[in-house]
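Thanks for coming, everyone. Let me put the model on the screen, and then we'll go through it piece by piece.

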Amino acid sequence: MSKEHRPLLMRSNRLLGAQLVEHNLVKIEDLENANEKLIEVVASDQPRQSTILGILAYDMKVLREDDVLHHIVETDGVGLVDLRDYEVPDDVKKNIDFGACWATWTVPFDKEEEFSFVATAYYLSPAVRMHWEKTLGGPILWFGTTLEGIADYLERLAAEPTPGSAPAAPAK
């Protein structure tokens, strides 16, 4: 994680954790333990593991990711999206800031007129929403998705040639 994105990552995770506690999705003691683990993971520079949500849900098993998604659908009216087979438009691909996406567990995945379509596993974090609203500069249609969906999407995009570049030469 670059020094540029590290404060965003820490703020996104801290505010998500606070919201998980506020909405009674996790206990404060569990969040405190998860924060300690997060600091260790961030120090080891593992973007795919640098997530308080992942630590709480998959390492500590004190929360289910589905419960968080259900919560944002019910309380905020956020839709859900599965990005596995989504074909990303070239104009969206060429503007992807991978560091910001990993730091916020959020990805822009389409644009229709002035509306940006954004998928996130961190909708509850105000820092995430503010960052993307400022970055994209127009109205956003938010969608919830899983950590795995975000990670797979980013890894798939990173493996594709960037729009306008020559395709990679075949291996011999």
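**Charges, bridges and a buried serine**

Before going on, the ground rules. This is a predicted model, where local features need pLDDT of at least 70 and side-chain atom pairs count only at pLDDT 80 or more, while totals for chains, interfaces and linings use all residues. Residues are numbered from 1 along each chain as its sequence is written, and side-chain values use heavy atoms, with hydrogens and water left out.

E40 sits in helix 2. Helices here are DSSP runs (H or I, at least four residues; strands are E, at least two), numbered from the N terminus. E40 is exposed, at 58% relative accessible area. The classes are buried under 20%, exposed over 50%, and partly exposed in between, with a 1.4 Å probe and protein chains only.

Now the salt bridges. How many does a search of the whole structure find? Five. The criterion is a side-chain nitrogen of Lys or Arg within 4 Å of a carboxyl oxygen of Asp or Glu. Side chains of opposite charge can pair when their charged atoms come close.

Take D152 and R48: their side chains meet in a salt bridge at 3.2 Å, N to O. D152 belongs to helix 8 and R48 to the loop between helix 2 and helix 3, so this pair ties together parts 104 residues apart in sequence. D152 is partly exposed at 32%. R48 is partly exposed too, at 30%.

R48 also bridges to E155, at 2.6 Å, N to O. That pair again links distant parts of the chain: R48 in its loop and E155 in helix 8, 107 residues apart. E155 is partly exposed, at 38%.

A local case next. D90 bridges to K93, with the closest N and O atoms 3.8 Å apart. Both lie in helix 5 (residues 90-93), three residues apart, about one turn of the helix. D90 is partly exposed at 46%, while K93 is buried at 17%. As for shared partners, salt bridges join R48, D152 and E155 into one network.

Stay in the loop between helix 2 (28-43) and helix 3 (52-59), where S50 lies. Is S50 buried or exposed? Buried, with a relative accessible area of 3%.

Last, backbone angles. D45, in the loop between helix 2 and helix 3, has a positive phi of about 55 degrees although it is not a glycine. D45 is partly exposed, at 46%. N24 has a positive phi of about 60 degrees, and is not a glycine either. N24 lies in the loop between helix 1 (6-22) and helix 2. N24 is exposed, at 68%.
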